[in-house]
Amino acid sequence: MTNDNKPVDGALDVSDRHQPDQSDNPISGTSPAEPPNPSDSGAPSDFIKDDRRADGPPPIDPTGFFTVDGGSDQQFDEFLRSFDEEHPEAAEDEEFGTLKDSQIVKGSVGLLPPELGAKELESDEIAFGISGGELQTIVRTLSLLMRFQSKEHRRCRITITSDGAAWQGNQGNGFIEYFTPGAATNLRDGLTVTLIVALDDLKAVARAAREIATFRIKNEIIRFSSARFRRPIMTFSARSFPAHTDALLSNVDLAVPRPDMATPTVGSALLFLGTIAPRDEDEPSFNVIRIKASIARAMRASIAAQVESSVFDGLDIAFRPHFLRWLLPALKLRSSFQAWHSDKFCVMKNDNLTFGFELVPHELPNVPAKSITDTILTPAAHFLTFVERSVRMLKNDGMLTLTSDQRGNEPLLVRADDEGQTARVISGKLDAYRDGQSVGPIKVSLKAAHMLKGLRITLSHANVELAVAGNAVVFENPQNDAKYSVMVSAKVTL
């Protein structure tokens, strides 16, 4: 029933919120720039053909970040901070917006018998128990997605059936669900109970939960208890929960067998491509990550990146990179996932964790294959330091110039400036070995910020190989499970 009276002090003044009776004592707490005919775009081609080889925060080695045991939380947080800097509308750091490995319950305990105390259940009342640790994990999991909403709109849906309870969050065109299997006490066969609650209320009770937390539900009012803590949880009407993803999800056939996708491989690839894909307002025609023919790609006007791996087999999807704000943290919660998709929605699932996001009908231009004419090998640490300093000093205006006089063991002259806008210049000389068709001098000019993005995939090597291919510089990093490639437009003078 809905109470239209003035809410008690400290409660939200929302007309569709279900209130406990006064005997309770609440405790206060459109796709841009589509090509004319997407079907004409074939499978993405390799950036180069070569058989000779078997401005922001500090760069991150994507291949060392996503590991089965959770990887480096420090590196991951650095990426999220840098991503939020490019997407300021999403930046919000909260206690429940992050999820450390130590906070994740290993395996789902599911619903437990409730601790009812001296007050037995009434005939129209249902109840279930849940471990305090798992309840906290549920709240943190939902918060990975819902932290990007304004607080007054953060509402969760709890769906209780004979199989268990599904805890669901929705934001934009994405959703996340945590399922706790088990039977609720006193739930009639075939009955489904749906409750809409504020995420802040779940946070409050999760902080107070001890070994067992008990939920008692009657007349759409939840009474929560754990140890000596008691409080009601008020509910909202069903129409206050955005359920548009339900229809999208219903069109995805989850019965089709799909292989497991290793989280370290998928997460590392998306982490890297997320640094390349631009914001919508910057370059709307490139604001997408495209996965097709076992290749995941992202690009800007003068830089393109791709990751080729068998984990992408069978996927033909395109999605907006802003989903990575919560998709990357969600991927860290399991060592592998299975993925299904329709033409409008993609769903990823492992055991009791499911999440999905909207797809868009968008193609990226194919990058023509180029043959390597020259390669320059130089120490990675020294070259990276120079490029980082150039970007830090010159920001996006910095142009990097590399000059080599001849093949063999010859110094590589490096220089960065802002093309005469100011007097700021940084230069140096690095050890290098050059090989290729060109015998005499070679000069390569390109944006320093784009060079830094390309270097992100070569940080695990002692040396970095700069491959000159036509009017571009190519970086590659073949791994056991994936092949990373970046091509940066450049001006090459022989």
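Colleague: Which residues lie nearest the centre of the second largest cavity?

Modeller: In this predicted model, M261, I291, L315, I317 and M348 lie nearest the centre of the second largest cavity, and the lining has 13 residues. The space inside comes to about 90 Å³. Among the elements, α5 (263–274), β16 (317–319) and β18 (345–350) each give at least two residues to that lining.

Colleague: What classes of residue make up the lining of the second largest cavity?

Modeller: The lining has 13 nonpolar, no polar and no charged residues. Met, Ile and Leu count as nonpolar, and these are the types found at M261, I291, L315, I317 and M348 nearest the centre.

Colleague: Why is helix α8 called largely enclosed?

Modeller: Buried means under 20% relative accessible area. Eight of the eight residues of α8 (residues 448–455) are buried, so the rest of the structure largely encloses this helix. The buried residues include H450 and K453 as well as A448 and L455.

Colleague: What makes helix α3 mostly covered?

Modeller: Eight of the ten residues of α3 (residues 199–208) are buried. Among them are D201 and K203, along with L199, L202 and V205.

Colleague: How many aromatic pairs does a search of the whole structure find?

Modeller: The search finds twelve aromatic pairs. One of them joins F128 and W167, with 6.2 Å from centre to centre and 85° between the planes. Ring centres must lie within 6.5 Å to pair, and planes over 60 degrees apart count as edge-to-face, so F128 and W167 form an edge-to-face pair.

Colleague: Where in the chain do F128 and W167 sit?

Modeller: F128 is in strand β3 (residues 126–131) and W167 is in strand β5 (residues 164–171). They are 39 residues apart, and the pair links distant parts of the chain.

Colleague: Why do F128 and W167 count as buried?

Modeller: The cut-off is under 20% relative accessible area. F128 has 1% relative accessibility, so it counts as buried. W167 has a relative accessible area of 1%, so W167 is buried too.

Colleague: Why is the pair of F337 and F355 called edge-to-face?

Modeller: The ring centres of F337 and F355 are 5.0 Å apart and the planes are at 65°, so the pair is edge-to-face. F337 lies in strand β17 (residues 336–341) and F355 in strand β19 (residues 353–358), so the pair ties together parts 18 residues apart in sequence. F337 is buried at a relative accessible area of 1%, and F355 is buried at 0%. Ring pairs also link F337 and F355 with F319, F323, W326 and F357 into a cluster.

Colleague: What lies over the face of F236, and what lies over the face of F148?

Modeller: R155 lies over F236, at 3.8 Å from the ring centre. R325 lies over F148, at 4.5 Å from the ring centre.

Colleague: How many disulfides are counted?

Modeller: The count comes to zero disulfides. A disulfide is a pair of cysteine sulfur atoms within 2.5 Å. As for burial, C156 is buried at 1% relative accessibility, and C346 is buried at 2%.

Colleague: Why does L412 count as buried?

Modeller: L412 has a relative accessible area of 1%, so L412 is buried. This residue is in strand β24 (residues 412–417). The C-alpha atoms of L412 and R434 are separated by 9.0 Å, and the two residues are 22 residues apart along the chain.

How values were computed. Residues are numbered from 1 along each chain as its sequence is written. This is a predicted model: local features need pLDDT of at least 70, side-chain atom pairs count only at pLDDT 80 or more; totals for chains, interfaces and linings use all residues. Side-chain values use heavy atoms; hydrogens and water are left out. Buried means under 20% relative accessible area, exposed over 50%, partly exposed in between (1.4 Å probe, protein chains only). Helices (H or I, at least four residues) and strands (E, at least two) are DSSP runs, numbered from the N terminus. Rings of Phe, Tyr and Trp (its six-membered ring) pair if their centres lie within 6.5 Å; planes under 30 degrees apart count as stacked, over 60 as edge-to-face and the rest as tilted. A charge sits over a ring if NZ of Lys or CZ of Arg is within 6 Å of the ring centre and within 35 degrees of the ring normal. On a 1 Å grid over the protein atoms alone, a cavity is a set of points where a 1.4 Å probe fits but cannot get out, and a pocket is an open set with protein on both sides within 12 Å along at least five of seven lines; lining residues have an atom within 4 Å of a point. Grid points are joined across faces, edges and corners, and a volume is the space filled by probe spheres set on the points.
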